Amino acid sequence: MQAKKRYLILLSAGACLLLLSYLGGVQLPAASRSRHDRSRTGYRPDQPWPHFSDPLHLFSPVGHTDTEEYNLHISPRQKRDGTASVYKGKRCRVDSCFDFAPCQRNGFKVYVYPQQKGEKISESYQNILSTIEGSRFYTSDPGQACLFILSLDTLDRDQLSPQYVHNLKTKVQSLPLWNDGRNHLIFNLYSGTWPDYTEDLGFDIGQAMLAKASISTENFRPNFDVSIPLFSKEHARTGGDRGFLKYNAIPPLRKYVLVFKGKRYLTGIGSDTRNALHHVHNAEDVVLLTTCKHGKDWQKHKDARCDKDNAEYDKYDYKEMLHNSTFCLVPRGRRLGSFRFLEALQAACVPVMLSNGWELPFSEIIDWNTAAVIGDERLLLQIPTTVRSIHHDKILSLRQQTQFLWEAYFSSVEKIVLTTLEIIQDRVLEHGSRSSLLWNSHPGGLFALQPVLTPDTWETSPSTTLHWVSIKPYPKFTAVIHAVSPLVSQSQPILKLLVAVAKSQYCAQIIVLWNCDKPLPAKHRWPATSVPVIVIEGENKVMSSRFLPYETIVTDAVLSLDEDTVLSTTEVDFAFTVWQSFPERIVGYPARSHFWDSNKERWGYTSKWTNDYSMVLTGAAIYHRYYHHLYTNYLPTSLKGMVDQLANCEDILMNFLVSAVTKLPPIKVTQKKQYKETMMGQSSRASRWADPDHFAQRQTCMNKFASWFGAMPLVHSQMRLDPILFKDQVSILRKKYRDIERL
């Protein structure tokens, strides 16, 4: 009898358990999920609280991966049903929902649908489309495209928003190239509406990729979607302001330890997290301020704390707090993302993420453990203790990384969009994908493009070519002499220059780029030298061809020379020895400067001899060959086309590019006042220095380039490197660079 009762009890318990699990009332232990980002962030359920020498791992309870259950108290079944209805293509990945064929045929080209009459586009979405159309990826031919972008504004899918586009489902389905969204990318900042703010966009996205803000880990499709940051309509379209960390202050602690200032939601989603912040606020070093004053009817819902919170809120200036705090809390708002995220990054205030289940922006490429503290909403009371336990060295490291990430990927709409496209390109063209090291180290993935150099010198990734990162450059250079005049006399400057350069102990080879309309001279016309001389006929005879990444350039250093440059062998040797110490910069002789003309409200260009300079002209300069690759593959066709049309400004554009990458000025060597541009006959093509329009063109170029870069990247310097003992009254025999030191 007792045994029968036991069986009945067990049977009843089992039936109840099955019923409860079916109804979603009990969550059975889930199988371990090895999500792609767990290994990247170093997450381990048994990870203890972080020490300063360890990566800052997620601090969350064992097995906790979601936020909505905690905040909304919904069952797993309801959660699964809800998320399944958001995207019908939830199982899409690049391998299953993307056609690689057009990308393999034509490269990674992006097509933007033409704007339809009568369709309104928000300023933010127009900035996105303009960025793509001005990028190196853009194509106006849909037959050449690998990726398609809608001209229909999909950024704001909140039905209560004035930017909401109605009947989007019908409009999208009627597009002849839609093809169920295959090879399409949809940008979105806001989805869903009051009161539940789901991630539904209001139309079936099919097999399209999403570049979405505030996307949850539940809905994020790894290796398919891209999580982007929430940015305001005031966010800079190009360039953007620099980060606010000007000096590496030691110790790195600021006035406040942890701050936040923002809305407190009295009802609905987002209320639980922000309503609890007052428990941590101490009005001393932890200042967490919220206000109920938002929305038309906030007073109808006000609680007992509103008046006190509002009064405390008004006492503090947000910018002052932001710039004077070590850590900045970034709690969820109505949606998972928040404007506070980008504000904290720019201010060098280490973000403390408090938004469970948010797939952090660009999580596929960025290691956020090096720039942020990733918290858990349910452990709010432990956060002050946690951040106080982080060592000063780690704080400084985190703060420096916030500045790199802000300036590399987040400071403008352009950088956000281009980073998104680069991530997708890396997936589609896996042979050229960049490593995590490149994305998370200076100068960043946008400047570390796919390799085009020879395998024996580029063993693993472009970082081995960016030798200033970790590897000493090859101890010789390749001279590239740009020739535009016919060879009519054996006394021409180009032949003297060729001989002088060939005598350098560091010269590996000389390339003469023949951009002259006349036929190539016979081989016997060139002087005999101890190093190989290779003559290449310029592609289309345009100025930009001097910066093509020629396979014949086998050294890291490129000595760029105009045909009429006058340099001695000693001067070449000295410039190269200086470059070996600064391989990321342009090192050379003729210097120029830029200035802001307040009367004309534009940038100006000057060649006056002063102690101040910001450019070293490529008529006599040494730089890393990787900049040929960047010039050719990073800069847009519009800028290179302008250079080629004017036959001018290519040297200015190269200086802009290098300064944009390094954030540093070039280096001028040896004040050689004898150097000047040769004033040749007016009939010669090389006589551009004598052209009265030459300076006017260069002024125009300066402003055109600054407009595209979004800011002025050039940096002024007064540093000049001279040979040791230069100008000292000692025997010339004691001097290493004797020819220079006689000057």
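Why does cysteine 349 count as buried? At 0% relative accessibility, cysteine 349 counts as buried, where buried denotes under 20% relative accessible area, exposed over 50% and partly exposed in between (1.4 Å probe, protein chains only).

The structure is a predicted model, in which local features need pLDDT of at least 70 and side-chain atom pairs count only at pLDDT 80 or more, while totals for chains, interfaces and linings use all residues. Residues are numbered from 1 along each chain as its sequence is written, and side-chain values use heavy atoms, with hydrogens and water left out.

Five disulfides are present, a disulfide being a pair of cysteine sulfur atoms within 2.5 Å. With bonded cysteines counted along the chain, the pattern is 1-2, 3-4, 5-6, 7-8, 9-10.

Cysteine 349 is joined to cysteine 328 with an S to S distance of 2.1 Å. This link is right-handed, with 105 degrees about the S-S bond of cysteine 328 and cysteine 349. The pair connects distant parts of the chain, 21 residues apart: cysteine 328 belongs to strand β10 (residues 325–331), and cysteine 349 to the loop between α13 (340–346) and β11 (350–354). Helices (H or I, at least four residues) and strands (E, at least two) are DSSP runs, numbered from the N terminus. Cysteine 328 is buried, at a relative accessible area of 3%.

Between cysteine 292 and cysteine 306, the S to S distance is 2.2 Å. The torsion about their S-S bond is about -90 degrees, so the disulfide is left-handed. Cysteine 292 is buried, with a relative accessible area of 1%, and cysteine 306 is buried at 0% relative accessibility.
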